[in-house]
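Hi everyone, thanks for coming. Please have a look at the sequence and the structure on the screen, and then I will walk you through a few places in the chain.

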Amino acid sequence: MAEMGSKGVTAGKIASNVQKKLTRAQEKVLQKLGKADETKDEQFEQCVQNFNKQLTEGTRLQKDLRTYLASVKAMHEASKKLNECLQEVYEPEWPGRDEANKIAENNDLLWLDYHQKLVDQALLTMDTYLGQFPDIKARIAKRGRKLVDYDSARHHYESLQTAKKKDEAKIAKAEEELIKAQKVFEEMNVDLQEELPSLWNSRVGFYVNTFQSIAGLEENFHKEMSKLNQNLNDVLVSLEKQHGSNSFTVKAQPSDNAPAKGDKSPSPPPGGSPAAAPEIRVNHEPEPPAAGGASLPKSPSQSSLPAVVVETFSATVNGTVEGSSGAGRLDLPPGFMFKVQAQHDYVATDTDELQLKAGDVVLVIPFQNPEEQDEGWLMGVKESDWNQHKELEKCRGVFPENFTERVQ
């Protein structure tokens, strides 16, 4: 019998809950249709908006903090691997081996300590802070349901009072249900009205404490890590002094690619084999005077002036250049130095560059302003363009030296 009674109570409770849900659903429909008024509390709604914003911000902070911790762990592993590599290459007879190993151990311990303190002082605090939100969120939702119950009971009581045929017993019962619904709602409402503003205001102190903890831990970590790095540097300096005669000097390696012109780097010549760079020499011997005291023009093979001595050329006057190797030669551009032939196609990437095809012959001339010349780049005019137009301004341009080979 007891079992039957228990089942009966359970069935009755289920039926009651179902009836409540139906009543709430009907009340919401009537409110949306404007056939029933709805109790509003703008101040509370603002509190709910703040609550949702605070929850969103806290959830993001928790996610970013976990990402930060994952990065710290990844850096720890990378640092550990790097130190293990140093320990492996550090030969037993080298001085400072024991000190280097000890530094590596302390480095590992420092990373572990930093990660653990971040977990204890930041992440766990973050988890505790966010742990209070689910319960409050559930209570806000429950308050909303109780408000609907209160509005429904109020409307039911009002409808019975305004009915043409009044039933005093029903009115009394409806009034009793209204008072009960109002009491339940107001109890929840008062508690949340106090808690939500307090929770909202607590965010400032929480953010301050959290970021202060992270900043302080990171500051101490870097201080200690700086000491270990200085100690490791001292060990390596000692090693260098003992083996100074065998020290490895890093030298600049010749590049197969043309150096950058400004901010641009042309692609290397196809096939990976750059054209041979022309050997540039400066002829310091004076030219023998020609008959009658007139100075004969130098041939390109006699003198090839590099960029560093281009400043010896003077301004162009009536199509000739005083003191240059091309002076007086009307078949060549003013200041002509030597010829090169393109070994590979080059696609110009700027308006001041020459577009080259394999086989093109270029007449190399000096830069008007030597300071504008970038290493690995030459100034010139394609021989075909010069023979056709005889105009430097329209035809000249720069090109990567390693795409060409000197032919004259």
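**A walk along the chain**

Let's start with Asp-385, which touches Lys-390 and Cys-395, leaving out residues up to four places away in sequence; contact here means heavy atoms within 4.5 Å. Before I go on, a word on the ground rules: this is a predicted model, where local features need pLDDT of at least 70 and side-chain atom pairs count only at pLDDT 80 or more, while totals for chains, interfaces and linings use all residues. Residues are numbered from 1 along each chain as its sequence is written, and side-chain values use heavy atoms, with hydrogens and water left out.

Back to Asp-385, then. This residue lies in helix H6, residues 383-389. Helices (H or I, at least four residues) and strands (E, at least two) are DSSP runs, numbered from the N terminus. Is Asp-385 buried, partly exposed or exposed? Its relative accessibility is 22%, so it counts as partly exposed. The cut-offs are under 20% relative accessible area for buried, over 50% for exposed, and partly exposed in between, using a 1.4 Å probe and protein chains only.

Asp-385 and Arg-396 are 11 residues apart in sequence, and their C-alpha atoms are 8.9 Å apart in space. Which residue does Arg-396 form a salt bridge with? The partner is Glu-393, with the closest N and O atoms 2.9 Å apart. A salt bridge, by the rule used here, is a side-chain nitrogen of Lys or Arg within 4 Å of a carboxyl oxygen of Asp or Glu. Glu-393 counts as exposed because its relative accessibility is 62%.

How many salt bridges does that rule give? The count comes to 14. One of them joins Asp-127 and Arg-66, whose closest N and O atoms are 3.4 Å apart. Asp-127 sits in helix H3 and Arg-66 in helix H2 (residues 42-89), so this pair ties together parts that are 61 residues apart in sequence. Asp-127 is partly exposed at 26% relative accessibility, and Arg-66 is partly exposed at 43%.

Another salt bridge stays within one helix. The side chains of Glu-219 and Lys-223 meet at 3.6 Å, N to O. They are 4 residues apart in helix H5 (residues 168-242), so about one helical turn separates them. As a reminder, an α-helix has 3.6 residues a turn, so residues three or four places apart point the same way. There is also a network of salt bridges linking Asp-135, Arg-139 and Glu-195.

Now for helix H3 itself. Its 35 residues (97-131) should span 51 Å at 1.5 Å a residue, and the end C-alpha atoms are 50 Å apart, which agrees. The expected span is 1.5 Å times one less than the number of residues. H3 also has a kink of about 35 degrees, centred on Val-119; the bend is the angle between axes fitted to the seven residues ending there and the seven starting there.

One stop in helix H4 (residues 133-161) is Asp-151. Asp-151 is buried, with 1% relative accessibility.

Let's finish with the whole chain. How many helices and strands does it have? There are 7 helices and 7 strands, and from the N terminus the elements run α-α-α-α-α-β-β-β-β-β-α-α-β-β. Of the 408 residues in the chain, 33% are buried.
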